[in-house]
Amino acid sequence: GGGGGGGGGGGPSQSVAAWNMALRARLQCGDRAGAVRLYGEMRSAALEPASGVVAPRPATDTLNTLLAGFGGSGDGGAAGRPPPSEWRWLLSDMGKLGVAPDKFTLATLLRLQTDLRRTRDVWRWGRGRRVRRDARTWHHLIEAYIEFGKPGAAPRLLGAMAADGARHGWGWHASGARSNNLYLRSLLAAGEPAAATAHFERWSAVTSGEPLAPSLPAARWLRTPPSEPPDAHSYSIALTAVRAAALAADEGSAERGRGGAAARRERRESAARLLQRGVEAGTFGGAGASPSGAVAHSAITACGGDVAGAISLWREIRPLLRSWRREASGGAEEEAAAEAERAAAHALLRVCGIGGRPDEALRVAFALRQDGLEPDRACFSAYTNGKASARKTRAAPRRAAPVVRLSDVARLAAPGYERLLRLECCPETVGGGKPLKIRIQLTAPEEHQQEGVVGG
């Protein structure tokens, strides 16, 4: 009930804090109706004194708690955000209660918008109410421009953010990891993966004290050197840029003969180099850092449909992941290491799907079991999703020929390998739903075993 606020000896501000904690607890438990009832008592005490309800007057934190709870995180994309009808009445109550919005209010509202026009309206609304902006509000604004199709505005907005931060004492945020990550994402969204890779290289070199290559120009919006080194998300974006650059090159000219081999080797070496840098910096894992499944996944998928290259890279990653899981102290640390292993395997299975190699995908499933991780439905989905994406891509005009050309025998055997992969990963879908597990020993020509994930 609403008796938690009262008029205790702690004074009205402490009373409001206690009620806000009760509101937050109800929302976290999914009891939205209970939160509304509790807030209703606070609202009645403020707007209807004659009602006799004893409760503290709602404060800015009260409305912010409800706004965040009703609106959700807003991180699932525009389609997953709640309609304004679910939270707009709270803004109306702010006016009635004379509660001033703050930067948290503005950040939450920016995160909840479903298009750029509404996002701009919210930004103007905050400026009209003299809400002091901080790094978080600027980041949400820039994120909206990237999400809603205007990534080219990101450098200008980052520059404005840097100027605002310099005036109000938080300028270092403008050159921090979050700002640089947004810039990388804006370049990717604008179709400039090579520029994204170049910015990452310069950023990494500056923060690690490495000599700068003259071909790596500084971004114009950066008024000061980056204040933080790249984080795991930065490496994931940079590896995505490597893959995007490779796909763009594939669109321009088919990967055939020696030129195709060189392009695939360069792509694989770029991914391996970035991954090694992350390991040395302690960002990808080791040195007290949790292994990053996103980085492992991005590194391997950077190989596109180059199955041999992805296998080679996975062979480099696999011992690291296994050692981190062995050395983990249990609990969340061990689960993070296992999740990174699964992410790397899923990425390799996706590449096998793109490259049309169900035989290698089956070997990945066996290798997972060797490492103590049971293949599951998600593994099979990773393979089929890769296969589906390759089918869509090859249907596009001017698409390069498939990287791997299978022999007639291998092409005829592919459906059989796929059925075996399904049997290993999700046996409940085979044989009328009856659980079934068998062990399969693959044999292959010696020269093929050398290229495979596990020989024999």
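**Labels and the values behind them**

This is a predicted model. P230 sits in the loop between α10 (193-208) and α11 (232-252).

Q: Why is P230 called buried?
A: Buried means under 20% relative accessible area. P230 has 7%, so P230 is buried.

Q: Which residues is P230 in contact with, leaving aside its neighbours within four places in sequence?
A: P230 is in contact with F200, W203, S204, T207, Y235 and T283. Contact here takes heavy atoms within 4.5 Å. For T283, the C-alpha atom is separated from that of P230 by 8.0 Å. The two residues are 53 residues apart along the chain.

Q: What makes H199 buried rather than exposed?
A: H199 has a relative accessible area of 6%. The cut-off for buried is under 20%, so H199 with its 6% is buried. H199 is found in helix α10. Not counting residues up to four places away in sequence, H199 touches N180, Y183, L184, A219 and L222.

Q: Why is R130 called exposed?
A: Exposed means over 50% relative accessible area. R130 has 79%, so R130 is exposed. R130 is placed in the loop between α6 (116-128) and α7 (135-147).

Q: What is the phi of R130?
A: The phi of R130 is positive, about 55°, although R130 is not a glycine. Most residues other than glycine have a negative phi.

Q: How do you know that the span of α3 is close to the one expected?
A: Helix α3 (residues 60-71) has 12 residues. From its first C-alpha to its last, α3 reaches 16 Å. The expected span is 1.5 Å times one less than the number of residues. For α3 that is given as 16 Å, and the helix is close to it.

Q: What makes α3 mostly covered?
A: Nine of the 12 residues in α3 are buried. They are T60, T62, L63, N64, T65, L66, L67, F70 and G71.

Q: Why are α13 and α14 called roughly antiparallel?
A: Helix α13 (residues 293-301) and helix α14 (residues 307-327) pack at an angle of about 150°. Angles over 145 degrees count as roughly antiparallel. The two helices are therefore roughly antiparallel to each other. Their axes are 9 Å apart.

Q: Which residues make the contact of α13 with α14, and of what class are they?
A: From α13 come A296, A299 and I300. From α14 come A310, L313, W314 and I317. By class, the contact has seven nonpolar, no polar and no charged residues.

Terms used. Residues numbered from 1 in each chain as written. Predicted model: local features only at pLDDT ≥ 70, side-chain atom pairs only at ≥ 80, totals over all residues. Heavy atoms only, no water. Helix = DSSP H or I, 4+ residues; strand = E, 2+ residues; numbered from the N terminus. Buried < 20%, exposed > 50% of the residue type's maximum accessible area, 1.4 Å probe, protein only. Axes fitted to C-alpha atoms, helices over the stretch in contact; angles between N-to-C directions. Parallel < 35°, antiparallel > 145°, perpendicular 65-115°, else oblique. Nonpolar A, V, L, I, M, F, W, Y, C, P; charged D, E, K, R; others polar.
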